[in-house]
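I am keeping these notes while I look through one chain. Each entry records what I looked up and what I found.

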Amino acid sequence: MPTQAKENYLKAIYLLSRESIDVSITELSKKMNVSKPTSNNMVKKMEERGWLLYEKYKPIKLTSKGEKLGALIVRKHRLTEMFLSKVMGFGWEEVHDIAEEVEHISSIIFFDRMDKILGFPTLDPHGSPIPDREGEVLKVNYLKLGSIKEGQKVKLRGLENSSKDLLLYLNKKRIKLGTVLLIRHIETFDNSFEVLLEDNATIVLTFDVCQSLLVEEV
């Protein structure tokens, strides 16, 4: 089994690759907040385990074995976030750091029981897909709010990133998954969105925030 450090690297490479990013040593180092020599050393060790393929100056590629291991780490993380949110009552801005610790528990039955209690969810509290036991992921095809035009009505389904700062900001704006948003006006000067909520309250969202919100039309 991978050590916690290797699991963290596997998860980072898996998530970067899911973002259609060519996973370079530089990108991996940024993600892990370590030096490039440190990342390079770990990548070599993981290649020896058969989890990835790496040639100098070329993107890091997970093998099928590494892909599945990475997906299963993400599964444990996102199931934990869902359990903390739905069963234990934590806010969506509180669950990430706790899940970072719990995801390293090796017991498969522990997470299978968690999955069963939750009713086998396919999405986590932030709308991100939860890989199944085989590492397969539900494909979602949401739009960024920033691409929506005036007059359209949408429902928030997920987040491009789930940083704590963004989640706290959305809490202040009283926006959560499932919130219906009507685009009343898009400001030409800065592309900020004037949005009508279901309770008829009007709020303004910056374009950067709109680019982080994944929605579907209703």
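Entry 1: I started with Val 154, which stands opposite Glu 217 in S8. Val 154 also stands opposite Leu 181 in S5. I then looked up the strands themselves; strands (E, at least two residues) and helices (H or I, at least four) are DSSP runs, numbered from the N terminus. Strand S4 covers residues 153-159 and is joined by five bridges to strand S8, residues 213-217. These two run antiparallel. Three bridges join S4 to strand S5 (residues 180-186), again antiparallel. I noted the rule that two strands pair if DSSP finds at least two bridges between them.

**Entry 2: What I am looking at.** This is a predicted model, where local features need pLDDT of at least 70 and side-chain atom pairs count only at pLDDT 80 or more, while totals for chains, interfaces and linings use all residues. Residues are numbered from 1 along each chain as its sequence is written, and side-chain values use heavy atoms, with hydrogens and water left out.

**Entry 3: The sheet.** I followed the strands across the sheet. It is an open sheet of six strands in the order S3-S8-S4-S5-S6-S7, with antiparallel pairing. Which strands stand at the edges? They are S3 (143-144) and S7 (202-205); each has a single partner strand, so one side of each is left without a neighbour in the sheet. As background, I wrote down that strands of a sheet pair through backbone hydrogen bonds, either parallel or antiparallel.

**Entry 4: The whole chain.** I counted eight helices and eight strands in the secondary structure. The C-alpha trace spans about 55 × 45 × 25 Å along its principal axes. Of the 218 residues, 43% count as buried. Buried means under 20% relative accessible area, exposed means over 50%, and partly exposed lies in between (1.4 Å probe, protein chains only). The chain exposes about 12400 Å², and carbon and sulfur atoms supply 51% of that area. Accessible areas come from the Shrake-Rupley method with a 1.4 Å probe, and for residues only the protein chains shown count as cover. I also looked up contacts, meaning heavy atoms within 4.5 Å. Among contacts between residues at least 6 apart in sequence, 60% join residues at least 24 apart.

**Entry 5: His 104.** Is His 104 buried or exposed? His 104 is buried, because its relative accessible area is 14%. I found His 104 in the loop between helix H5 (95-102) and helix H6 (108-118). Leaving out residues up to four places away in sequence, His 104 touches Gln 4, Glu 7, Asn 8 and Lys 76. With Asn 8 there is a polar contact between the two side chains, at 3.2 Å. A polar contact is a pair of N or O atoms within 3.5 Å; within protein, one must be able to donate a hydrogen and the other to accept it, and residues adjacent in sequence count only if both atoms are side-chain atoms.

**Entry 6: Salt bridges.** A salt bridge is a side-chain nitrogen of Lys or Arg within 4 Å of a carboxyl oxygen of Asp or Glu. By this rule I get 11 salt bridges. One of them joins Glu 134 to Lys 68, with the closest N and O atoms 3.4 Å apart. Glu 134 is in the loop between H6 and S3 and Lys 68 is in helix H4, 66 residues apart. Both are partly exposed: Glu 134 has 47% relative accessible area, and Lys 68 has 35%.

Entry 7: I next looked up Arg 75, which forms a salt bridge with Asp 112, the closest N and O atoms being 3.6 Å apart. Arg 75 is in helix H4 and Asp 112 in helix H6, 37 residues apart. Arg 75 counts as buried because its relative accessibility is 6%, whereas Asp 112, at 22%, counts as partly exposed. The side chain of Asp 112 also meets that of Arg 133 in a salt bridge (3.0 Å, N to O). Arg 133 lies in the loop between H6 and S3, 21 residues from Asp 112. Which residues do the shared partners join? Arg 75, Asp 112, Asp 115 and Arg 133 form one network.
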